[in-house]
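A short report with definitions of the terms is wanted.

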Amino acid sequence: MRVLSVVVTVALTAACGRDGVVTPVSPDPPAPPPVSEVGCARTSVGLTPLIEPGSYQGHPLGLYPGGQNQPPGDHLAAGLDLARGVEPLDASGQPSPAGRFALISIGMSNTTQEFSAFVPLAAADSSRHPRLAIVDGAQGGMTAADWQNPGCSCWSVLEVRLQNAGVSRQQVVAAWIKVADRQPSTGWPAHAQTLANETIVVLQRLKARFPNLRLAYLSSRIYAGYATTTLNPEPYAYESGFAMRWAIDEQLAGNPALRYTGDDAPAPWIAWGPYLWADGLRARSDGLTWACSDFQSDGTHPSPSGRQKVAERLLDFVRTDPTASEWYLQR
């Protein structure tokens, strides 16, 4: 099994796991911010969003290799082929004009809060494919480490939610994944590498459970500079963007653990969903900012305005992304 490229780049000591991923040895954790900069006063942490030019800790920014924010042409073409093959399925997974196909969410409390705001937006969208079911599988307290465990209760809860929506496992074709870990304490890049590895395993778990899952879209955390707890503060929220990028990089580099072709493919095709991090009130190039009012009192979980902000960006993504729009929109 090949070693993840980021481990080579930073020359960390690592050991290969059973699922073909790598766990690095951690350097010292970062120092906490000054007390005066905690909470709503911390309107910026001085970091640059991945979609902007620049670098972080010696790593170039960009959602994809080479500082690009769009997938390589051959990867996009493969995703389009898969997306164009999405069609309504009966409960056993066979094509049926009267059947359905489903998009699910996977993640923690932030994810379910944001996806719950997306569901009514999509339900009211007249351009949405009428046979598309949208099921929120994300659950409060369920971290990436939990989701990678096949015995996690999160999987049985998801099963119940699918049943309540009248959807079978065989009808799930797409997923939005936004995962994180609880109270990270290791320094750069160990936490991000661990999250990347966990994400790879979660993708494998999803494909094993949902055999017709074709496409998965990854998003990282929103701004956490206002955080007043250690649940998942900065710079961990920002660095989770690198974790998602590294997982995608592994598929682009041909890691067999993430092969998406063939009947026995261990993973779905993956790409970025909406990139949601911005440096507090310092607007990024597309205007996105995060105000303290977009968060609950812990500065970590989104308030109604924060949830709506993510939901609207997710709706725009599924309507305009070349691969997502193929199955989301009524053609």
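## Model and conventions

This is a predicted model, in which local features need pLDDT of at least 70, side-chain atom pairs count only at pLDDT 80 or more, and totals for chains, interfaces and linings use all residues. Residues are numbered from 1 along each chain as its sequence is written, and side-chain values use heavy atoms, with hydrogens and water left out.

## Overall makeup

Nine helices and nine strands are present in the chain; these are DSSP runs numbered from the N terminus, with helices being H or I of at least four residues and strands E of at least two. Of the 331 residues, 56% count as buried. Buried means under 20% relative accessible area, exposed over 50%, and partly exposed in between, with a 1.4 Å probe and protein chains only.

The chain has an accessible surface of about 13000 Å², and carbon and sulfur atoms account for 52% of that; the areas come from the Shrake-Rupley method with a 1.4 Å probe, and for residues only the protein chains shown count as cover. Among contacts (heavy atoms within 4.5 Å) between residues at least 6 apart in sequence, 74% join residues at least 24 apart.

## Enclosed space

Searching the whole structure gives one cavity of 30 Å³ or more. A cavity is a set of points on a 1 Å grid over the protein atoms alone where a 1.4 Å probe fits but cannot get out, and lining residues have an atom within 4 Å of a point. Grid points are joined across faces, edges and corners, and the volume is the space filled by probe spheres set on the points. The largest cavity holds about 40 Å³.

Its lining consists of Leu 103, Ala 175, Trp 176, Tyr 217, Leu 314, Phe 317, Val 318, Ala 324 and Trp 327. Strand 7 (172-178), helix 8 (304-320) and helix 9 (324-328) each give two or more residues to this lining, and helix 8 gives the most, with three. The lining has nine nonpolar residues, no polar and no charged; here Ala, Val, Leu, Ile, Met, Phe, Trp, Tyr, Cys and Pro count as nonpolar, Asp, Glu, Lys and Arg as charged, and the others, Gly among them, as polar.

## Nonpolar core

The largest nonpolar core contains 88 residues, and Ile 104, Phe 118 and Trp 327 have the most contacts inside it. Such a core is a set of buried Ala, Val, Leu, Ile, Met, Phe, Trp, Tyr and Cys residues joined through side-chain atoms within 4.5 Å. Beyond its neighbours within four places in sequence, Phe 118 contacts Leu 103, Ile 134, Ala 311, Leu 314, Leu 315 and Val 318.

## Loop residues

Ser 285 lies in the loop between strand 9 (269-272) and helix 8 and counts as exposed because its relative accessibility is 60%. Its C-alpha atom is 7.4 Å from that of Glu 52, 233 residues away along the chain. Pro 211, in the loop between helix 6 (190-209) and strand 8 (215-218), is partly exposed at 42% relative accessibility. Not counting residues up to four places away in sequence, Pro 211 touches Arg 169 and Gln 170.

## Backbone geometry

Cis peptide bonds join Trp 188 to Pro 189, with omega about 0°, and Glu 234 to Pro 235, with omega about 5°. Pro 189 is in the loop between strand 7 and helix 6, where Gln 183 is also found. Phi of Gln 183 is near 50°, a positive value in a residue other than glycine.

Definitions and conventions: 1 Å grid on protein atoms, 1.4 Å probe; cavity = no way out; pocket = protein on both sides within 12 Å on 5 of 7 lines; lining within 4 Å.
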